[in-house]
Amino acid sequence: KLKHHPLYKSIIEGGKCISYGARALNEGGFQSIPKCAFPGGALIGDTAGFLNVPKIKGTHTAMRSGMLAAKAAWDALNENKDTDSTVFLYDYEDALRNSTIWKELREVRNMRPSFHSPLGLYGGIMYSGLEAYLFRGKTPWTLKHKGKDHEATQLADKQTKIEYPKNDGETSFDILTSVSRTGTNHEEDQPVHLQVEDWDKHGREMWPKYKGVENRFCPAGVYEYVEDESKEFGRRFQINAQK
């Protein structure tokens, strides 16, 4: 809808789209960092929420966490090379807490939550300025997020359906065309990591309530409900993974 607004359309109209990209930001920050090591693996980069939200930058923290995980994996494998037990990266958690990642994210931990506090929008802007230039995360308090992510998802029958303008092929394009312009590609033998234990059960429980909220999980249309008269609600849930 944004690209069809007269202001933006007047700027991009007549141009040529040569690439496409879309990104969902993980805004949890310091307060939402989970346990990052588990038997046989570790969470790194944006998977663990290492995005510096005020700067909207996370490539450097992703690279750094990958380096720390690799070092921890090397040490763990060397310590357990004579056994067949599952490797646990004990050193990774400690390395994270002693790294520049932890320091950087802790310094900006209160900026995003301040906008959902009693300070409101303008108060949050002023408070964030103080955090950025004066406090620098050294305050003795840590603001909490307003709520949990899943609490923001409401039932479909309580929402007004959004009618999007039809793609005109000049300023806006269909999903397949846009995805082809991302240059995204995976190895042919890369395992599909998106798994659903019971496809039919998922469709029966989720479609009547949310009418396909999964369609909005990914701008590339990875999650999709397709018409299928053999199913109870006439819809079948599928994941479009590259094979």
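Visitor: How much space lies in the second largest pocket?
Guide: About 500 Å³. This is a predicted model, where local features need pLDDT of at least 70, side-chain atom pairs count only at pLDDT 80 or more, and totals for chains, interfaces and linings use all residues. Residues are numbered from 1 along each chain as its sequence is written, and side-chain values use heavy atoms, leaving out hydrogens and water.

Visitor: How does its lining divide?
Guide: The second largest pocket has two nonpolar, six polar and six charged lining residues. Asp, Glu, Lys and Arg count as charged; Ala, Val, Leu, Ile, Met, Phe, Trp, Tyr, Cys and Pro as nonpolar; the others, Gly among them, as polar.

Visitor: Switching to helix α3. Which residues are buried there?
Guide: Y92, E93 and L96, in a helix that spans residues 90–97. Buried means under 20% relative accessible area, with a 1.4 Å probe and protein chains only. The three cover an arc of only 95 degrees around the axis, so they sit on the same side of α3. That arc is of the directions from the helix axis to the C-beta atoms.

Visitor: What covers them?
Guide: The cover of the buried α3 residues includes β1 (37–38), β2 (41–42), α2 (59–79) and α4 (100–107). Helices (H or I, at least four residues) and strands (E, at least two) are DSSP runs, numbered from the N terminus.

Methods
Buried < 20%, exposed > 50% of the residue type's maximum accessible area, 1.4 Å probe, protein only. Contact = heavy atoms within 4.5 Å. 1 Å grid on protein atoms, 1.4 Å probe; cavity = no way out; pocket = protein on both sides within 12 Å on 5 of 7 lines; lining within 4 Å. Points joined across faces, edges and corners; volume = space filled by probe spheres on them.
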